[in-house]
Amino acid sequence: MTDQKSNAPKVHHAAKRYAQECRKGQLSRREFMTRATALGVAAPAAYGLLGLAAPEAKAQTPQMGGTLRIQMDIKAQRDPRTWDWSELANVCRGWLEYLVSYERDGSVQPVLLESWEANDDATEFTLNVRPGVKWNNGDDLTAEHVAHNIERWCDASVEGNSMAGRMSSISEDGKLRDGAIEIVDDLTLRLHLSSPDIAIIVNMTDYPAAVVHPSFTGDDPVANPIGTGPYRPVSHDTGIGAVIERNPDHTWWNEGNGAYLDRIEFVDLGTDPAAWMAAAEGGEIDMTYQTTGDFVDLLEMIGMPATEAITAATLAVRFNQDNAPYDNVNVRRALQMAVDNQIVLELGYNDRGTVAENHHVCPIHPEYADIGATPFDPGEARAMIEAEGLGDHEFELISIDDDWQAATCDSVAAQIRAAGINIKRTILPGATFWNDWLNYPFSSTEWNMRPLGVQVLNLAYRSGVAWNEAGFANAEFDALLDQANGIPDADERREVMAQIQQLMLDEGVLIQPYWRSLYRNARPNVLNAEMHPTFEVRYQSYGLS
Amino acid sequence: MTDPLTWPGIFAQLGLQLWPVWIAIVLLFAVSISFKRHLGLYGKLFDSTIGMFGFTLVMFWVFTALFADLIVTHDPLAQFSGMRNAGPGSALRDPAGGYPHFLLGGDALARDVFSRMVMGAREVLRIAPFAAMISFMIGISLGLPAGYIGGKLDTGLTFVANLVLAFPVILLFFLLVAPEIQNTAIPRVMAGFLFLMPVLFFTVLLNARFFTQPMKRNLYVGAVVIVGLWAYSGLAFNADPFGVWGMSPNLLNVFVAVVFVNAPTVFRIVRGITMDIKTRDYVAAAQTRGEGPWYIMMWEILPNARGPLIVDFCLRIGYTTILLGTLGFFGLGVAPESPDWGSTINQGRRLLTVYPHAALAPALALMSLVLGLNLLADGLREESLKD
Amino acid sequence: MLLFLARRIGVMLFTALCLTFVVFYLTNLPAKLETLAKTQAGSRISDAEVASWLDRNGYNQPMLTRYGEWLGVVPGWTREEADGGMTGRCYRLADISEPGAAPDRCGLLQGYWGNSTRFRADVADVITARLGATGILMLWVLIVMVPMALLVGVLAGMREGSRTDRSLSTFAIASTATPEYVSGVVFIALLASSAVGISPLLVSWGVIEGPVLFQGNARSALEKITFWNFFLPVMTIALYGMGYVARITRASMTEVMTQQYIRTARLKGVSFPNIVLRHALRNALIAPFTVIMLQIPWLLNGVVIVEVLFSYPGFGWVLFEAAANNDIELLLAASVVAVVVVLLTQLISDIGYVYLNPRIRIS
């Protein structure tokens with residue numbers, strides 16, 4: 001699919017080291033792929049570094065034509081950089097493409113870029129724009145256009161622009177730093193970073209990073225569908241559905257390697273999986289966007305096999321340390337001890353994941369240090385709560401009104417109750433929950449996966465950061481995290497991570513029951529539509545057999 | 001690990017587990033039937049097969065709610081490993097000295113369906129009759145003067161009642177029973193108004209009767225005012241100094257919304273009956289005797305309107321039960337984990353096509369209670385018409 | 001009669017005004033506006049971003065002013081944009097940005113129903129499209145419900161106390177005791193599940209081709225209504241509404257059957273079916289007629305539940321979506337529609353009552 005010969009002779013030195021680690025088993029292959037490709041090593045070359053052949057593309061090529069009906073929420077569209085739900089991006093994937101993409105095997109693949117290279121200390125990235133890419137209005141894609149998009153991402157003055165945070169190493173005062181982008185020629189541009197950041201290319205795979213035409217004014221990308229992809233929207237009704245068809249007036253740069261389907265129909269059936277089930281039984285949908293809990297099995301039973309993506313996505317049942325009694329570390333630790341994460345995984349998430357250890361670093365992260373978990377000891381938990389004089393206190397656990405999240409919290413609450421500690425549950429509707437999500441004393445939040453262990457810690461647990469919902473402020477933790485951020489080598493970083501993780505446990509920051517596996521069900525004749533770890537629905541490569 | 005139960009075994013165990021209910025029902029019927037000549041309308045109920053059947057159903061759930069602690073086999077909130085969606089009669093993996101089976105199976109969170117259904121009866125019967133009662137007192141306190149005095153008062157009250165009735169119930173619930181509203185003063189203010197009505201009702205009721213005997217009046221009215229205001233401070237403003245009366249903001253919110261929806265209908269019924277009865281001779285007689293308007297309303301008209309009102313009261317409890325279930329269906333109001341039937345049905349229905357027991361048990365319970373109340377109302381109506 | 005109509009319509013308008021103000025007040029509480037900002041601009045945005053979003057979209061004016069804007073008695077807010085264009089309530093509704101091009105006021109009085117924040121579309125378009133869908137559903141509900149209810153009521157009331165009466169009355173009571181969220185769920189399990197109920201049986205006998213007998217989801221009815229995708233939602237609503245109408249019919253029928261003229265006819269030897277059809281029926285149907293009319297707004301409740309349960313995007317579904325997302329102008333329009341439906345059916349039932357029953361005159 002991609003031609004990256006130019007990269008072959010000059011492989012980034014860090015990538016070679018990663019390959020060594022991977023061969024020794026210190027680095028998972030998935031993580032190796034993420035990091036090597038993030039540095040600009042092409043995926044086949046990265047496999048080559050491991051002494052492996054790149055996996056063959058799926059033997060079965062889809063036939064051309066056909067209609068695919070997908071169950072997915074259809075939300076009101078808005079400016080791509082402010083997208084807060086992957087569903088918003090999925091609708092537009094057929095015409096709005098990305099510079100790079102994150103693959104199921106953990107690699108980062110070029111899309112509208114042909115290739116990229118990082119300098120030795122990852123402070124300078126050269127991006128080579130793919131030649132021959134045309135917008136569907138006839139314009140050519142140029143480096144100028146790419147620079148325009150990066151500048152848009154850096155603009156923090158737009159409410160809800162989540163790309164701004166991801167571009168911090170090239171922005172200043174909420175906008176693009178002068179001189180951060182250098183346009184070398186029509187198809188080449190260079191990013192000058194203010195600090196080393198190997199995540200910057202990975203961040204461009206995120207769903208708000210869709211590449212828009214310079215004429216796009218920041219409103220509705222469906223009403224004004226200028227893009228580079230092979231499809232175009234036919235209709236889009238919020239809450240009801242959307243229809244996409246192949247664009248006959250446009251020659252796609254990747255002609256022949258996708259765009260098999262004639263027509264894609266998204267059907268919004270609400271949030272109740274029972275309604276999806278009913279629609280699937282009635283033969284009205286071919287594929288779900290994401291299936292959770294018992295419905296994975298139920299849909300398999302009616303002839304829609306599931307595909308799985310193992311991820312570091314999780315549910316953080318966190319305490320907010322700015323609120324009594326959770327300002328007391330003994331209370332937090334006691335509540336942790338009262339909960340057996342294994343049982344929460346079984347009862348709350350149907351055993352569809354792996355047990356987590358209350359420190360928000362996942363075994364699939366390269367720097368993960370195995371330091372053991374919080375002991376499960378309800379007797380001791382009860383004794384500690386009583387020692388703090390809270391024997392009669394009624395705790396309250398808040399969660400959003402969502403099937404698996406509510407079930408998990410119910411399960412956590414039941415365990416705490418079984419330990420003899422009073423607790424009540426509160427469930428808030430989705431629209432209300434987010435009003436105060438940072439400040440609830442004891443509540444749960446869904447966290448999606450980030451490729452590196454330090455990424456979520458930086459986002460959510462560093463003192464004073466915007467999403468620090470735990471109210472965790474610990475100078476020692478911050479210092480250790482700074483130290484970890486500066487260590488590119490996973491093994492060296494692991495030593496610091498062990499201290500960080502231990503600190504998280506000692507401080508009883510959160511109850512983190514499990515790492516989620518994600519599922520999607522589709523009819524057997526749907527090809528290339530496996531569940532994606534970041535919920536992408538790339539219908540331009542789907543097809544029917 | 002014990003063996004799972006088969007259906008005959010399950011029914012036998014269910015019957016056994018419900019023993020306090022059977023004893024209470026047999027006692028109640030034995031006593032009622034032997035004294036039925038002295039029990040007025042209630043006694044006559046035992047002449048009507050339909051009424052008696054309805055009454056049995058209702059009392060079954062009332063006693064189940066009363067003796068719930070004796071009946072349940074497990075803690076309705078406890079989750080047991082390995083019992084997710086377990087079928088009826090499944091044996092526990094590790095009973096640890098507790099009851100060895102889930103009689104009606106386990107729900108999606110591995111809780112005992114039977115115990116939740118039994119405890120759910122308590123939740124439902126704690127709110128529905130109380131809410132219906134408050135609605136009735138409000139409807140009566142406003143409907144009597146509107147019907148009897150008429151004029152501007154009637155026009156104004158009728159307009160307000162019609163205004164509330166013009167609201168689609170669901171819209172009202174969505175607007176009123178929301179977490180954002182709970183944090184404002186609106187439910188408190190509404191509760192402050194709505195809960196004041198019963199206190200006023202009893203004060204006026206007793207004052208109208210005993211104002212000629214100041215000693216007695218002061219005693220009765222004083223007692224009502226003290227107890228009434230005590231309960232009022234606790235229920236409406238959560239400010240009971242002794243902490244006996246109280247309602248969580250969530251429950252208060254639901255309660256206020258349900259009362260608010262029900263009261264105007266009661267008002268319309270009472271107003272209609274009052275307008276009918278006030279043309280009767282005995283009202284005219286009382287007027288010529290020089291009785292005050294409140295005496296006539298409370299002690300002449302109201303007792304004569306009791307037949308249709310009792311019937312409607314039974315129906316309204318049933319309707320309130322359905323309304324609470326509707327709230328649960330939309331995930332509004334009632335506390336999570338709560339075993340109340342509406343939310344249990346809503347949770348259970350998701351997996352209904354594969355594990356029907358978790359939703360069917362509370363659904364049948366709800367249906368049978370509402371059916372019982374309707375049949376009871378029907379029986380009462382028939383018997384009261386025979387007068 | 002004209003005066004009566006004029007007064008009723010006046011009351012109707014005043015009621016709608018009061019009601020929309022209540023809805024407006026409850027949807028514009030500060031916490032609700034914050035919810036709205038978060039659903040519109042991103043669920044994890046900061047408080048400062050919320051404030052700036054509310055400010056930019058005209059939500060920071062006094063509530064009464066904005067209610068006036070919605071009604072069209074107060075000029076809509078305007079602001080000059082950095083690029084020289086104008087924006088504001090009326091500019092956005094008319095989709096123009098040239099200064100001075102938009103009208104001053106743009107509310108209900110000028111015919112603007114506003115914009116739906118949930119659907120990003122004109123409220124009038126959303127409401128009319130969805131109301132049409134619900135109209136079809138209600139039509140079928142009435143077609144199923146009314147004859148069934150009248151039949152049950154008349155058969156039961158014909159001979160009071162008979163076995164037919166007892167069993168039909170109990171059936172009617174049972175149907176009113178089964179709310180939509182119970183019967184709908186049971187129907188799906190019984191008729192529209194490929195795992196339990198009768199569908200697997202029928203498939204194994206080879207009676208039906210597809211995996212299920214009925215569709216447990218009515219989304220496809222939007223494009224093409226078939227018996228198989230519309231039966232369950234229609235039955236679910238009709239069943240709950242039926243019991244009450246049947247009971248009223250029965251009561252009215254039993255009353256008529258005890259009247260003198262029926263007795264006289266029987267003594268004259270007219271056959272029983274003749275008495276029922278010729279003499280009793282017309283008089284017995286007055287009460288059910290008014291009840292059926294009054295039942296229509298009642299069914300709205302069921303419509304919301306059923307449309308959500310079967311994901312059929314009609315008016316009830318819009319109401320649910322608007323309420324769940326605090327879509328202010330859509331909710332206002334929906335409540336106006338609801339009030340009009342309630343009061344209109346009341347009016348029709350009053351007029352029909354007079355028309356059917358010549359003994360009553362409107363004073």
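Is C:N326 buried or exposed, and how many C-beta neighbours does C:N326 have inside 10 Å? Hold that for a moment.

First, the ground rules. This is a predicted model, where local features need pLDDT of at least 70, side-chain atom pairs count only at pLDDT 80 or more, and totals for chains, interfaces and linings use all residues. Residues are numbered from 1 along each chain as its sequence is written, while chains are lettered from A and ligands numbered from 1 in the order in which they are written.

Back to the question. C:N326 is buried, with 30 C-beta neighbours inside 10 Å. Buried means 20 or more other C-beta atoms within 10 Å of a residue's own; exposed means 12 or fewer, partly exposed is in between, and C-beta atoms are placed from the backbone. C:N326 sits in the loop between α14 (315-324) and α15 (328-356) of chain C. Helices (H or I, at least four residues) and strands (E, at least two) are DSSP runs, numbered from the N terminus. Phi of C:N326 is positive, near 50 degrees, and the residue is not glycine.

Next, C:R120. Its phi is also positive, near 50 degrees. C:R120 lies in the loop between β3 (115-116) and β4 (121-122) of chain C. C:R120 is buried, with 20 other C-beta atoms within 10 Å.

Now chain A. The peptide bond from A:A324 to A:P325 is cis, omega near 0 degrees. A:P325 is in the loop between β14 (306-319) and α10 (329-337) of chain A. For background, most residues other than glycine have a negative phi, and most peptide bonds are trans.

Last, a contact. Chain B gives 19 residues and chain A gives 23 residues. Contact means C-beta atoms, placed from the backbone, within 7 Å.

Note on methods:
Contact = placed C-beta atoms within 7 Å.
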